[in-house]
Structures are given as structure tokens and as C-alpha cells.
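Please keep the structure open beside the text as you read.

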Amino acid sequence: MADSIDESKNVTVTEEDLENKSKGELIKLAGQLRDRRNELNQMASERASARDDLNAKTREKVDEAQEHREKRDELNEQVQEHKDQRNELNAEANELFDKVDNVKNDLELDEGTSVEQLKEEIEDLEFKQQTEVLSSEDEKELIEKIETKREKLQEKQEKLDQGGDLEELKEEAEEVRSEASKHHQKVTELADEAQKHHNEMIEAYREADEIRDEADEKHEEFVEAQEAADQHHEDFVRVQKRLRELDKKEEEQERSQREEKQEAAREEAEEIYQKFKEGETLDTEDLMKLQKAGKL
């Protein structure tokens, strides 16, 4: 809320005051106007200084917000760069994994039992053959099973030998995927930091708006005090003008009175001089009046 001036301390002047107040009263009124004007000018100066300080703080906050904006934009550019690299690497990794799948399909490595499983099954069957008492028919059947699995194992191993580059291809795909993950992690970190600067930018702009509102309020207070000071100055000038008019009027009256006295003295001296010419005896006072009038 604006800090309004105390209007009860203001001094007012009407045309009636100028016309009717005595010179002494007007001199006193001029002094009151001058003192109140100076007081209001001081108040206006203090309010202008406070306003300027607040405007300076507003600019500081705006500059701070701008720095956060620039940092945020810089980080967002880095985020986009890492996103692009991540996406490129993911696309490359997907191509490599597709190649791995194609090789597996070509070699039919995913079909049926794995090499390790086949080895375990063969070992189990051989252990059974060695440890259990079997009929000739059961043993024959068991041997056939072992042979069948050995054939499958050999077939699998031959296919693996044909696809010797498969593991290297898988390793390469996983390395590319890992590199893409690093860029994704960087995207997350930089995006968080960019968001932090964005939030700080918003806060700085909010604070700048609050301080600017205070500065605007202080400017209104300055204008109020300055206008009141200007009004008191105008009234002071009006009173001073009226006092000069009264001084001039007094001077004219005094001059008129002097002229009247001088004229009366000349007339009196002329009468005394006529008496002197006619031979009348003059006293000392009459002689002094003639001398003063330049008649002797």
C-alpha cells in the first residue's frame, strides 16, 4: 500500500488570503509554504531514491533470470545432441541385433535343444547305461537315444562353427547399446539440470515482477510528493509576487508622501521668501527653511 503524505501538514493559499492578509501575515505564510515545499521536496527525493534502488534490483533479477534462461537453452541443446546420438546408436544396435537374429535363423540355432542341454542329456544317458542293469532291448534303445543326441549335438556344433562371427556380432551390438545407454543417462542428467535452471528463471522473473510492483508504487508516492511540493512552490511564488506588489505599493505611497512634503516645503519656502523680499524680519527657523529650499 502506498505511503501517502500527511495532507494535514499541507499549507493552502486562496485568492482571498492574497487580497486580505496583511504583509506580516503573508510573510509568515510564505515561510510556511517554503518550509513545507522543502520538506515535500526532500520526501520526493527520498522516494525517488528508493524507487531507483528498487528498479536496480528489478534489473538485477531480470539479468539473473536471463542467465538462467541462457543456461537452460544451452543445456537443452546438449540434451538434443545426446538424444540424437542415443537414437543413432540405438538404431545401429537394433540393426546389429537384427543381424544376430538373422544369423541364428539361418543357422537354426534357436530351434530344438541347446548344445549345453544336449551335452547334459547325453551324460545322463551314459551314466544310466553304466550304472543300471538293463535288458538287452532297453540297453539297445538307450544306445540309440545316445547316438541320436550325439548326432544332434554334432549338427549343432557344426552350425555354430559356421556362424563363428555370431558372438562377435552380439558383443558389438551390446557395446553399441551400452554406449546408447550412456547417452540416455546424459540426456536425463542434463534435462534435470535444464529444468532446475528453468525453475530458477521462473522464480527470478516472479521476484522481478514483485520488486517492479514495489518500484511502481514508490514512483506513485514520489509523484504525489513532487506534485504537492510543486503546488507549494507555486503558492509560495504567488505570495512572493503579492508581497512585491505590496512593497511596490508602499514605495509608491512613500514616494507620493515625500513629493507632497517636498511640494508643501517649497510652497512654504516661497511664502517665507516673499515675506523676506517685502522686508519682514525672519526668525532662525524660517531662515533654515529658506536655506534648505535653496532660496539663500
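## Salt bridges and a charged patch

With a relative accessible area of 26%, Arg238 counts as partly exposed. In this report, buried means under 20% relative accessible area, exposed means over 50%, and partly exposed is in between (1.4 Å probe, protein chains only). Do keep in mind that this is a predicted model: local features need pLDDT of at least 70 and side-chain atom pairs count only at pLDDT 80 or more, while totals for chains, interfaces and linings use all residues. Residues are numbered from 1 along each chain as its sequence is written, and side-chain values use heavy atoms, with hydrogens and water left out.

What does Arg238 form with Asp235? The two form a salt bridge, and their closest N and O atoms are 2.8 Å apart. A salt bridge here is a side-chain nitrogen of Lys or Arg within 4 Å of a carboxyl oxygen of Asp or Glu. Asp235 and Arg238 are 3 residues apart in helix α5, so about one helical turn separates them. Asp235 is buried, at 6% relative accessible area. Helices are DSSP runs (H or I, at least four residues), numbered from the N terminus.

The structure holds 23 salt bridges. Three of them are set out below.

| Salt bridge | N to O distance |
|---|---|
| Lys23 and Asp247 | 2.4 Å |
| Asp209 and Arg212 | 2.8 Å |
| Asp235 and Arg238 | 2.8 Å |

The Lys23 and Asp247 pair has a salt bridge of 2.4 Å, N to O. Lys23 belongs to helix α2 and Asp247 to helix α5, so this pair ties together parts that are 224 residues apart in sequence. Lys23 is partly exposed at 28% relative accessible area, and Asp247 is also partly exposed, at 27%.

## Around Arg212

Where is Arg212 placed? Arg212 sits in helix α5, which covers residues 166–277. Its salt-bridge partner Asp209 lies in helix α5 as well, 3 residues apart from Arg212, or about one turn of the helix. Asp209 is partly exposed, with 41% relative accessibility, and Arg212 is partly exposed too, with a relative accessible area of 32%.

Arg212 also meets residues from elsewhere in the sequence. Leaving aside neighbours within four places in sequence, Arg212 is in contact (heavy atoms within 4.5 Å) with Thr58 and Val62. The C-alpha atoms of Arg212 and Leu54 are separated by 7.0 Å, although these residues are 158 residues apart along the chain. For Gln66 and Glu267, 201 residues apart along the chain, the C-alpha separation is 93 Å. Gln66 lies in helix α2 and is partly exposed, at 31% relative accessibility.

## A negative patch

Which residues form the negative surface patch? They are Glu92, Glu95, Asp98, Asp101, Glu167, Glu168, Glu171, Glu172, Glu174 and Glu175. Two or more of these residues come from each of α2 (23–107) and α5. Helix α5 gives the most, with 6 residues. Patches are made of residues with over 30% relative accessible area and no salt bridge, and like charges are joined within 9 Å. Asp and Glu count as negative.

Note on methods: Patch = residues over 30% accessible without salt bridge, like charges linked within 9 Å, V, L, I, M, F, W, Y side chains within 5 Å. Areas by Shrake-Rupley, 256 points an atom, 1.4 Å probe, with all protein chains shown as cover. Charge placed at Lys NZ, Arg CZ, Asp CG, Glu CD.
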